[in-house]
Amino acid sequence: MNGKAQKNAGPHFGDGAFKWLTLIMALAVFALIALIGYELFRGSHLALQKFGWHFLVSSDWDPVNDVYGALPFIFGTVVSSAIALVIAVPISIATAVYLTELAPLQVRQPLIMFIELLAAVPSVILGLWGIFVMVPWLHIHLFPALRTTLGFLPLFQGPDYGFCMLSAGIIVAIMIIPIITSVSREILRSVPGLQREAAYALGATRWEVTRIAVLSYAKKGLFGAVILGLGRALGETMAVTMVIGNMPQIVKSLFAPGYTLASVIANEFNEATGDLYPSALFELGLVLLGVTVIVNIFAQLLLKTFAGPSVKPQH
Amino acid sequence: MKKIILSVLGGAALLAAQANAATINVTGAGSTFDYPAFTKWFEAYKKVDPGVEINYQSIGSGGGIKNLTSQTVDFGASDAPMKDEAMAAAPGKILHIPIVAGGVAVIYNLPDSPKLNLDGDTLANIYLGNITKWNDPKIAALNPGVSLPDLAIVPVHRADGSGTSFIFTDYLSSVNPAWADSVGKGSSVKWPAGIGLAAKGSEGVAGQVKQVSGGIGYAELAYADQNKIPFANMKNSSGNFISPAPDSVSAALATAKIPDDFRFSMVNAPGDKAYPISGASWVLVYQHPKNAERGQKLVAFLKWAVTDGQKLSSQLDYAPLPDEVQQRELKLLETIK
């Protein structure tokens with residue numbers, strides 16, 4: 001808002017009020033995160049005092065002897081989210097490209113509806129489906145196939161019960177596909193038609209148009225869509241805990257069970273007695289917040305390096 | 001006409017006033033294990049004493065103890081007795097009232113679902129990862145005539161903190177010194193690394209056991225019973241193989257050594273018919289309640305619950321408290337003032 005508008009306070013009062021209102025709302029989000037961080041910090045101060053930084057690198061989680069460490073949970077959270085992204089990103093972006101660039105109109109609307117329907121499935125339902133349908137199927141069909149084709153990698157070796165890191169990654173992928181697809185679709189739609197026409201005019205094929213004029217132009221926005229999906233993946237709790245096997249361990253094999261930060265908090269908080277135990281669980285929450293922030297910062301840096309300053313999704 | 005309306009209104013007002021004056025709200029919080037019993041009791045107790053309304057939040061034993069200590073509820077409920085330090089931290093003396101008892105069934109998934117016999121030492125070694133195959137000589141020795149497959153055993157435990165885990169690990173600790181040393185007992189413990197799986201809730205454990213061939217797990221008796229999952233007979237301290245049932249849990253309760261403060265463990269209790277993996281759940285109350293009126297109502301309810309209420313809870317696969325225990329509890333309840 002500039003000085004001129006300030007002088008004519010009468011008719012522009014609405015503008016000023018609007019500006020302040022939106023500012024307050026934006027600050028409220030910031031305040032909320034700060035408050036959550038503060039509360040987690042306060043709740044975890046006993047554990048912080050007792051274990052210090054050691055908490056982050058220790059693999060011990062022993063409520064009987066009151067010794068706690070977060071490393072296996074951090075590992076599980078990061079790995080399951082990474083698997084989810086590896087699966088979900090290509091599917092989501094390809095779907096979004098198909099929907100905006102290629103799909104005939106009569107296909108478009110039903111497909112969009114289905115994707116949005118997928119987003120509406122509650123995670124506990126997805127988890128139940130995971131236990132009774134997905135896990136047995138993976139165990140009988142996909143995992144043996146992976147073992148025969150990619151079994152030379154340590155990632156696909158060792159015993160397999162179906163409940164494992166890979167199953168968790170797959171179920172999280174299913175949960176974040178709708179959000180990444182929807183946001184990507186909006187972003188691709190906002191790519192100006194001129195951009196495409198210019199590429200066509202240069203004699204580009206449809207694939208080249210999509211690659212150069214659309215995807216490259218929308219890179220930053222698509223990256224944002226992926227980050228949104230990642231945020232959801234890191235915090236996903238119910239469905240993950242139902243299929244991951246819940247063992248706090250760090251193992252190379254994706255067929256081995258794991259455990260995530262969000263899951264252990266949800267599982268153990270109810271019956272956590274004493275002082276140090278709940279405090280350690282609070283600290284896991286703090287760690288989860290920290291992991292989310294760090295991953296986001298890392299993603300932003302990655303974006304700056306790869307997307308470069310020249311590409312801006314603006315007119 | 002006017003008269004009728006007035007009298008109706010007056011009557012309604014009178015009724016409302018009466019209800020307001022008479023209804024006393026008593027609140028409690030804690031164990032999820034007790035929740036089905038409480039729900040059934042509250043419903044039935046309305047007929048016994050319409051003047052009291054009891055609310056219970058099943059937020060978990062930990063939360064129950066916390067709320068009782070901060071005096072935000074009139075009673076707590078816990079699946080494990082409170083530790084001395086926790087009791088010392090409370091603003092008054094807390095009494096333990098055993099309210100329900102239950103058995104934990106050992107469930108499994110084997111081809112053709114044979115009926116199995118197991119003992120505590122074998123079970124501990126399975127969960128410690130020392131016994132890894134179903135055709136292990138130790139299991140075979142307990143099950144003559146049963147053809148056991150050459151199949152990996154996948155032990156499943158509860159991922160969430162739970163009273164069921166407490167009873168189970170309490171039992172393993174009492175029968176296997178290696179377990180007691182390396183793992184111990186608790187509603188959450190550090191399970192031996194790299195062995196088996198864990199699931200949330202009894203339904204999760206049962207689900208994983210059902211899905212994984214060779215799986216073994218543990219769940220409240222009621223759960224295993226209603227879901228038709230095969231469960232093992234457990235060898236008790238007299239050497240008999242006992243099937244988990246309300247009767248065999250009651251038998252364990254009758255022979256368990258119960259001290260005067262009622263903080264006891266009833267796993268591996270003596271007696272021919274006692275089922276070894278059994279445990280109690282407690283209501284926790286202050287001996288001198290902050291609010292005398294609510295305290296009185298609560299005591300009256302508890303007296304009813306540990307006697308008449310037991311008939312109702314046994315319909316839900318809880319084991320009824322034996323007469324002798326009931327009498328001792330009534331005496332303890334007398335001391336609340």
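Asn117(B) has Asn233(B) in S9(B) as its bridge partner. The model in which this pair occurs is predicted. Strand S5 and strand S9 (residues 233-235) of chain B are joined over two bridges in the parallel sense. Both strands belong to an open sheet of three, ordered S5-S9-S10 (chain B), with mixed pairing. Strand S5 (117-118) and strand S10 (241-242) of chain B each have a single partner strand and stand at the edges, so each has one side without a neighbour in the sheet.

**Strand S6 and its partners**

Strand S6 (residues 154-158) of chain B has two parallel partners, S8(B) and S7(B). Strands of a sheet can pair through backbone hydrogen bonds in either a parallel or an antiparallel sense. The parallel pairings in chain B described here are set out below.

| Strand pair | Sense | Bridges | Residues opposite each other |
| S6(B) and S8(B) | parallel | two | Val154(B) and Gly215(B) |
| S6(B) and S7(B) | parallel | three | His157(B) and Ala198(B) |

S8(B) covers residues 215-220, and S7(B) covers residues 197-199. Is S6(B) enclosed by the rest of the structure or left open, and why? Five of the five residues of S6(B) are buried, so the strand is largely enclosed by the rest of the structure. In a regular strand, side chains alternate between the two faces of the sheet. From S6(B), Val154(B), Val156(B) and Arg158(B) point one way, while Pro155(B) and His157(B) point the other way. The residues on both faces are buried, including Arg158(B) and His157(B).

**The side facing chain A**

Contacts between the chains involve 30 residues of chain B and 25 residues of chain A. On the chain B side, the elements giving two or more residues are helix H3 (61-69), S7 and helix H9 (201-211). By residue class, this side of chain B holds twelve nonpolar, 15 polar and three charged residues.

**Chain B as a whole**

Chain B contains 14 helices and eleven strands. Of its 337 residues, 50% are buried. Along the principal axes, its C-alpha atoms fill a box of roughly 85 × 50 × 35 Å. Among contacts in chain B between residues at least 6 apart in sequence, 72% link residues at least 24 apart.

Terms used:
Residues are numbered from 1 along each chain as its sequence is written. Chains are lettered from A and ligands numbered from 1 in the order in which they are written. This is a predicted model: local features need pLDDT of at least 70, side-chain atom pairs count only at pLDDT 80 or more; totals for chains, interfaces and linings use all residues. A residue is buried if 20 or more other C-beta atoms lie within 10 Å of its own, exposed if 12 or fewer, and partly exposed in between; C-beta atoms are placed from the backbone. Helices (H or I, at least four residues) and strands (E, at least two) are DSSP runs, numbered from the N terminus. Two strands pair if DSSP finds at least two bridges between them. Two residues are in contact if their C-beta atoms, placed from the backbone, lie within 7 Å. Ala, Val, Leu, Ile, Met, Phe, Trp, Tyr, Cys and Pro count as nonpolar, Asp, Glu, Lys and Arg as charged, and the others, Gly among them, as polar.
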